[in-house]
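Colleague: Hey, I'm new to this one. Can you put it up and walk me through a few spots?

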2 protein chains.
Amino acid sequence: MTRYQHLATLLAQRIEQGLYQGGERLPSVRSLSAEHGVSISTVQQAYHLLEEKQLITPQPRSGYFVTPCKSKPPVPPITRPAQRPVEVTQWESVLELINSRLDEDTLQLGSGTPDTSQPTIKPLWKIISRLAQKQDPRMLNYDNIYGVPALREQVARMAIDSGCQLSPDDIVITTGCHEALSVSIRAVCQPGDIIAVESPTFHGTMQTLRGFGIKVIEIPTDSVTGISLEALELALEQWPIKAVIVVPNCNNPLGFIMPDARKRALLSMAQCFDIAIIEDDVYGELAYEYPRPLSIKSMDEDGRVLLCSSVSKVLAPGLRVGWVAPGRYLNRVLHLKYIGTGSTATQTQLAVAEFIRQGHYQPHLRKMRMHYQRNLDIFTHWVRHYFPCGICVSRPQGGFMMWIELPEAFDAMRLNRELRESHIQISVGSLFSASGKYRNCLRLNYSLAVTAQTERALAIVGAAVERAMVCCPPSASVAEVEGGASLKG
Amino acid sequence: MTRYQHLATLLAQRIEQGLYQGGERLPSVRSLSAEHGVSISTVQQAYHLLEEKQLITPQPRSGYFVTPCKSKPPVPPITRPAQRPVEVTQWESVLELINSRLDEDTLQLGSGTPDTSQPTIKPLWKIISRLAQKQDPRMLNYDNIYGVPALREQVARMAIDSGCQLSPDDIVITTGCHEALSVSIRAVCQPGDIIAVESPTFHGTMQTLRGFGIKVIEIPTDSVTGISLEALELALEQWPIKAVIVVPNCNNPLGFIMPDARKRALLSMAQCFDIAIIEDDVYGELAYEYPRPLSIKSMDEDGRVLLCSSVSKVLAPGLRVGWVAPGRYLNRVLHLKYIGTGSTATQTQLAVAEFIRQGHYQPHLRKMRMHYQRNLDIFTHWVRHYFPCGICVSRPQGGFMMWIELPEAFDAMRLNRELRESHIQISVGSLFSASGKYRNCLRLNYSLAVTAQTERALAIVGAAVERAMVCCPPSASVAEVEGGASLKG
């Protein structure tokens, strides 16, 4: 690498890291020359190179400036949802989203589907085939209501990584994490009760709350540190909240990992106000850091945390193998499990237990973590490259979901309709709010294989966003329509 | 066969069929001799043979009498449950029952488990193994929320046998019939609502109603013709009932098939009072008559019938493949399905669809019908042989459940505890009532292989019943305790 290339790389890194912000003037040629002990022409060559890459723009007589949108976009600011319990709506839009994930011609940038094509999953096929060849009679009969003992043993062992000391009898196997959440919610509250959630929150959880007639209070949530404990405390003082649902590790959709100290503080608050915590850990295993982050359940001393998870994001959602460690709510959870589905399909439970027992799980998990982390880098690069300036992008610490915030007046629903023509589907932000927030946000799934087709799709989304943003400049805010007719004359 | 043996067989048949009732005097030797054109001594030899078989008893100077309990026991009379909405209890006993079905040392006479050992089910193993070998990616991914299209097609075709014209899009696949019932119940009512049920009713349905805070009004039910329409009409006039749940074909636990005219009348009544009908058809395919009986759904014109079924009783419960045809409640059912389990395991759906498509289903079904019908004959014989007199026994027209009513003061719970020492488990009647009725009843599962061990078990149950009945003669009735203290000083 020549001197000027070296300098250009250094400057590009600083721009990437946000040390030089978009629109900011870069140091003069003379000062850089002095700082780095290189010639004037070396600095000029470096600046030319960056100009070619569109990272910087020259302004006559003023020097070089960082091309506005090529700097690292900021993370979304803390959310500000409505601070009162509301009822969840939006079912039609969710139904549309989950139906569209079946359209094979559509590129799924909006669904929560993991990549199930990696070779490390192959042993699962062999195991299923072997189980069938052995004609294991357990596969045909009603399962234990707790679930297959061999699987519960493996789940208890896996939980050690998140700091949990569980016995197999603390665990109830469910039909995916969906059922785990569903029985947990009903185990801790009745129709008409209020539950606090992070805002934004996974739309499946929202719809479950809607289905059981539970009101939702959305708590401001920071895209780096998670749910605002201050706002939660105010809500707990003001409303008879029964439980809080959180995704503290590799949050869906924001991607944060809540710092351990904040997890502990949340648990203390739950003890103080005597509420339950429903902890959705379905992405927790996919944290990019190693060892994986602690669960709140691991800090739980009086059984008030219901830990819900599944193999849907790590292995495969089609298996429908999930679980809940419901603490003191075990008996109620068993009843709700029984009346919901009777028992869970035996065969897939046996297959997953055997996959873990044979030692295929950890290598697969390592592979998937690396795969998604690499995809995150590439998708982030594409978003920066193809999307316009003035957006905020989350910095996921695990999983495969990216949250993009656009100017307030932006309509992601309309964007989604527009993209349908190009056979691309995104997740619109409003699905993640009970109070109709986040119409200007979208969630992108970066589990997809990195191909030219995916890059093209990102380019199409970026261009569509840019076109839409021309109509709604960053500063615009939605005009409030005054409601209520005057009573006068 | 000699003449006297022939005559003895003829007489034994008449006793079996109830033409000669228990305790009734048989024709004199002389008259039988004349009637059949045989010698006096042939008749005497035939009577001696029947005496040896304990079918008849000689009375000095009076002739021969049918040994009382060896005649065909009567069917249970129409039930008389409490005629007001009540809340369901009994979860602890149900949990005990479903946990005990996992104890391999215990002979399961109480569970609803079918026989999954017949050779006609073998192709299923091969299909599962093949699907895994082919590495069909559908097996790992989220399923369509309606369920796998190939399976819905097969279900729609199967439904033709019960008179239904359904399109695949009328059907939602569920995790067993349990989930079908669970979503159907919630689709038609809210917590606090009232639902009418047959009495007795399957305990899983009862517990589901309990779990959703729904009150139950139990309707008198005839063990031959089903729910009393007269009593139901009175209840509908008196209470704001939202729906009625029935198992009109091969009822669990009574075994009846409701006559078509009564099915039609029930539907008319539902139209008249504008309520929904939840029809549980999980045993319907196992009717001994051919073609199988019509479903109420087949008569439905305005989409008020929610037909629930599964392959759990015909094929195997461990597959957890069920479905609901929810009529006008489709959208609500989809929402409830989504929030309950997300989607159903894909692999078992594909396997079942392929099993039917390849033509294995009908031969298997025929085999199972014959198997259970044969088992019914043998179990009925054993019950008559080993159980004391004074009991009523249902006459199942399909499925594999037998309902036995003992004298009113009999305590089946105590019997169950006593049988635990002998590693035998029965289903106690009180699980089938919300109002604590049927403590004197039990349900026997006759799907088990007919072996010497099974016969011994029936003998042990019979002897235990006999011992218990000594303490509670048939005429005894539970003494009513007067409640409420006098207000007088």
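Predicted model: local features only at pLDDT ≥ 70, side-chain atom pairs only at ≥ 80, totals over all residues.

Colleague: Okay, strands to begin with. How many residues of strand β6 of chain A are buried?

Modeller: 6 of the 8 residues of β6(A), which covers residues 215-222, are buried, so the strand is largely enclosed by the rest of the structure.

Colleague: And in which sense does β5(A) pair with β6(A)?

Modeller: Strand β5 of chain A, residues 194-199, pairs with β6(A) in the parallel sense, over 6 bridges. If you want a spot to look at, find A:I195, which sits opposite A:V216 of β6(A).

Colleague: Which helix makes a β-α-β unit with those two?

Modeller: That's helix α8 of chain A, residues 203-211; together with β5(A) and β6(A) it makes a right-handed unit.

Colleague: What about β7(A), how does it pair with β6(A)?

Modeller: In the antiparallel sense, over 2 bridges, with β7(A) taking up residues 226-227. A hairpin of 3 residues links β6(A) to β7(A), and A:D222 stands opposite A:G226 in β7(A).

Colleague: Switching to helix α11 of chain A: what does it span?

Modeller: α11(A) runs over residues 330-341, so to speak 12 residues, and reaches 16 Å from its first C-alpha to its last, close to the 16 Å expected at 1.5 Å a residue.

Colleague: Is α11(A) mostly covered, or mostly open?

Modeller: Mostly covered, with 9 of its 12 residues buried. Among them are A:V333, A:H335, A:K337 and A:Y338.

Colleague: What follows α11(A)?

Modeller: A:G342 does, and its phi is positive, near 75 degrees.

Colleague: Now the core. Which residues touch the most other members of the largest nonpolar core?

Modeller: A:L109, A:I404, B:L109 and B:I404, out of 246 residues in that core. Generally, nonpolar side chains in soluble globular proteins tend to be buried together.

Colleague: What is A:I404 in contact with?

Modeller: Setting aside neighbours within four places in sequence, the contacts of A:I404 include A:V383, A:F387, A:I391, A:N440 and A:L444.

Colleague: Last topic: how many disulfides are there over all chains?

Modeller: The count comes to 0. Take B:C177: the nearest cysteine sulfur, that of B:C308, is 5.3 Å away, and a disulfide would need the sulfur atoms within 2.5 Å, so B:C177 is in none.

Colleague: Is B:C177 buried or exposed?

Modeller: Buried, with a relative accessible area of 8%. A:C389, on the other hand, is partly exposed, at 32%.

Terms used
Residues numbered from 1 in each chain as written. Chains lettered and ligands numbered in written order. Heavy atoms only, no water. Buried < 20%, exposed > 50% of the residue type's maximum accessible area, 1.4 Å probe, protein only. Helix = DSSP H or I, 4+ residues; strand = E, 2+ residues; numbered from the N terminus. Pairing = 2+ DSSP bridges. Right-handed = clockwise from strand over helix to strand, strands pointing away. Core = buried A, V, L, I, M, F, W, Y, C linked by side-chain atoms within 4.5 Å. Contact = heavy atoms within 4.5 Å.
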